[in-house]
Amino acid sequence: MITLGIETSCDETSVAVVEDSTSIRSNIIFSQMVHAGFGGVVPELASREHLKAIMTVYREALKAADIIPDSIDLIAATYGPGLVGALLVGLNFGKGLAYGYNKPFIAVNHLEGHIASNILTHRNLPERHLTLIISGGHTSLVLVESFGNYRALGQTKDDAVGEAFDKVAKLLGLGYPGGHEIDRLGKTGDRKYFRFPRGIIKEDSYNFSYSGLKTAVALHVQSLNEKELEEHIADIAASFQEAALEVLVKKAARAASEYGIKAVTLSGGVASNSRLKEMMQDELARVGADFYYPPPKLCTDNAAMIAAAGYLRYLSDGPSGLNTNAVPYLKLT
Ligand code: KG4
Ligand code: ZN
């Protein structure tokens, strides 16, 4: 079955063609650059950029997959969570295509899309697994009993982990979004340079907190003069990363032990972090769980994961109505 996926929940305009939930025929991602100067995503600009880009991205996706619209069997589009104006562009584009070409339509939860990014990547991934969804907007630890059957174990009580990376990058003058730059700089820095606070909340909780860490880094940066900051920028990046990532790794490993889970996955933009992958590998080996993550192109927001999730949802639930609306605060469970 051939699914056309559409993703416009934040600042990536993406259209993909995927066969079943396993084979990507095309996955075109247009990352909006207009937000860089603002240090964060400007919702109104995001909607306008999606409107400008969506037709071109759609045509490119069909061309790269070497397919005509008539050969598509299902149209899947993200309906939440995300920025409402941005969601409406892709959702209505998808519904219009479904109506015009007389194809079934399926509305997809963006978070379920991130879960599907690992199903799409790893054919041997056990159905029951634990996943960390970590991006600029989300920090969630979810027990996947099977596709569509989830138990939310914990989430952030304030900032998302990617947001913390972006805010610290801004403090260090590294531009936006800055996660990748902190990752790169952190490789050469001293992880033990400064012990920033770990947002543990309570020992037995699976929730996360990142606002205290962000403030601690800001206070530390303020305490340095220009020369000291320049000298220690990589050390600060490395020490911040250690604090931000350690809680993710420890909580995921503890949940794997507590629930007897043998497979743990990462998804979302922060899943491409190289230090996080090292730490997860070590910690999960200790508790006897296997570790999976998608390639970078499927970590970031993309339509291939939306198509894969849409296909699996369609098999279990059938099509969505063409009156489906965007739901900005849509939950996974
Ligand atoms: O999933 P994504 O593309 O968009 C959403 O936020 O939904 O994630 C983007 C986030 C940004 O906060 C970015 O700084 C972060 O992922 N990110 C990283 C890395 N690459 C992207 N954070 C840490 N290390 C990276 N290598
Ligand atoms: Zn996302």
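How many salt bridges does the count come to? In this predicted model, the count comes to 19. A salt bridge here is a side-chain nitrogen of Lys or Arg within 4 Å of a carboxyl oxygen of Asp or Glu. Local features need pLDDT of at least 70 and side-chain atom pairs count only at pLDDT 80 or more, while totals for chains, interfaces and linings use all residues. Side-chain values use heavy atoms, without hydrogens and water, and residues are numbered from 1 along each chain as its sequence is written.

One of the salt bridges joins E163 and K167. Their closest N and O atoms are 3.2 Å apart. Both residues belong to helix α4, which spans residues 161-171. Helices are DSSP runs of H or I with at least four residues, and strands are runs of E with at least two; both are numbered from the N terminus. E163 and K167 are separated by about one helical turn because they are four residues apart in helix α4. E163 is partly exposed at 26% relative accessibility. K167 is also partly exposed, at 31%.

Helix α5, residues 179-186, holds another pair. Here E181 forms a salt bridge with R184. The closest N and O atoms lie 2.7 Å apart. The two residues are three apart in the helix, so about one helical turn separates them. E181 has a relative accessible area of 23% and is partly exposed. R184 is partly exposed as well, with 45%.

A further salt bridge links R198 to E246, with 3.1 Å between the closest N and O atoms. R198 lies in the loop between α5 and α6 (211-222), whereas E246 lies in helix α7 (residues 226-258), so this pair ties together parts that are 48 residues apart in sequence. R198 is buried, its relative accessible area being 17%. Salt bridges with shared partners also join D159, E163, K167 and K214 into one network.

The cysteines were examined next. A disulfide is a covalent bond between the sulfur atoms of two cysteines. The rule applied is a pair of cysteine sulfur atoms within 2.5 Å. The count of disulfides is zero. For C10, the closest cysteine sulfur is that of C299, 16 Å away, which is too far for a bond. C10 is partly exposed, with a relative accessible area of 24%. C299 is buried, at 0% relative accessibility.

Methods. Chains are lettered from A and ligands numbered from 1 in the order in which they are written. Buried means under 20% relative accessible area, exposed over 50%, partly exposed in between (1.4 Å probe, protein chains only).
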